[in-house]
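Grab a pencil and get the 3D view ready.

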Amino acid sequence: MNETAKTEYDFSDKYGNVKKEILDCIEKYEKIIICRHKRPDGDAVGSSGGLWELIRAAWPEKKVMISSEERCDYVAPYEAVGTMPLPVDYQGALCIVVDTATQDRISDNYFQNCEKCIKIDHHIETEPYGDLSFVAEDRPSCSELIAELSFSSDGRLPMTLAAAEKIYMGMVTDSDRFRYDPKPETLVIAARLIQFGINTERIYSNLYIDTFEHIKFKASVTELIQRTDAGVAYMYITADIQKKYGLSREEASSVVSFMDRIKGCPIWLAFIDNMPLNDDGTVESIRVRLRSRFMPVDKLANKYGGGGHEHASGATVNNTEEMKSLIADADAIVVSYVQRDPTIF
Ligand code: AMP
């Protein structure tokens, strides 16, 4: 074992004083509105729901709300049952935004009416906002930052079983079960959550068991994967394909994971027609999901109006011309990386 390796982490010594300041702030406010990003995913649901559970357990007298009308079907069992804030709730309230890098992605148009705003996030910081900010770019999920807030709170925000389940779900969905560059802190937090008695088998069964129809869809749609000479795999899920298989937005978007282990393809891209279509039947815009190993794709996402993480980002293109241009840019990234390190294949 490395001399300096620790089996116990002292979370209180990280990120300066900001976690204590966040707790002071939570303690002070009677009304707290938790916001997350548009099109919420597992981590957005886990971090918002986990925080909601923790604050309510520690301070039952506070009014804690989650502001998001949008749901995420595949993690529906983990949605907190909080009420949506009314216009009057914003006055004198504290807003905590989780898992959201930029203000335009916050799924609440009124959060600025709150008195104070806290940002808790793990995305690459392109746009600082909020009066207090706890951003840890190197961590695979925002949910684990919520757990860390609890574990370094000296008992002010104690972990609960209900919070632990939501947080663990957020951690496994954003890291694909701890596959992507796990940090020691991440695994220590996961271990502590398991000690709370969460049923990991139930969580994995909720998340990863697939319907018969979806497995059949996967088999036919795999035929659509294309590959460039340089080594970019991609798939275009048009509106027609979505209609043909009766796909939900989430099902259509899930195809990105079908390409994540193709030898010789370190970048893979899913293009999904955004629905509904324009009145004249044309596509308004195309969602892009960018994934990679070894080489970063976040700057590529920035170029097309998006962002995210080094190896998992999102963007939007407006037509197939822009789609081709994005694929060509991705090709250039692979070529230049392989020139420097041909061993990756
Ligand atoms: P997705 O492919 O939608 O799962 O996105 C991958 C990561 O990039 C997630 O962490 C998203 O929050 C982030 N992301 C997706 N779209 C955007 C965008 N337009 N701007 C900034 N970040 C994004």
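**Exercise 1: Around the ligand**

Task: Find which residues come nearest to the ligand.

Solution: Keep in mind that this is a predicted model. Start with the shell, which counts 13 residues around the ligand. From that group, pick out the nearest ones: His 123, Arg 287, Arg 289, Arg 291 and Gly 307. Now sort the shell by class: one residue is nonpolar, eight are polar and four are charged.

**Exercise 2: Polar contacts and cover**

Task: Work out which protein atoms lie 3.1 Å, 3.2 Å and 3.5 Å from an oxygen atom of the ligand.

Solution: A polar contact needs a pair of N or O atoms within 3.5 Å, so let's take the pairs one by one.

- At 3.1 Å you'll find a polar side-chain atom of Arg 291.
- At 3.2 Å there's a polar side-chain atom of Arg 105.

Next, look at the cover: on its own the ligand exposes 480 Å², and the protein buries 86% of that. Finally, see which elements give two or more residues to the shell: strands E9 (286-292), E10 (307-308) and E11 (312-317).

**Exercise 3: The second largest pocket**

Task: Describe the space in the second largest pocket and the residues that line this pocket.

Solution: First, the volume: about 240 Å³. Then the lining, made of 14 residues, with Ser 67, Glu 69, Met 84, Ser 107 and Asp 108 closest to the centre. Last, the classes: six lining residues are nonpolar, four are polar and four are charged.

Notes
Residues numbered from 1 in each chain as written. Predicted model: local features only at pLDDT ≥ 70, side-chain atom pairs only at ≥ 80, totals over all residues. Heavy atoms only, no water. Near = heavy atom within 4 Å. Polar contact = N/O pair within 3.5 Å; in protein donor to acceptor, adjacent residues only side chain to side chain. Areas by Shrake-Rupley, 256 points an atom, 1.4 Å probe, with all protein chains shown as cover. Helix = DSSP H or I, 4+ residues; strand = E, 2+ residues; numbered from the N terminus. Nonpolar A, V, L, I, M, F, W, Y, C, P; charged D, E, K, R; others polar. 1 Å grid on protein atoms, 1.4 Å probe; cavity = no way out; pocket = protein on both sides within 12 Å on 5 of 7 lines; lining within 4 Å. Points joined across faces, edges and corners; volume = space filled by probe spheres on them.
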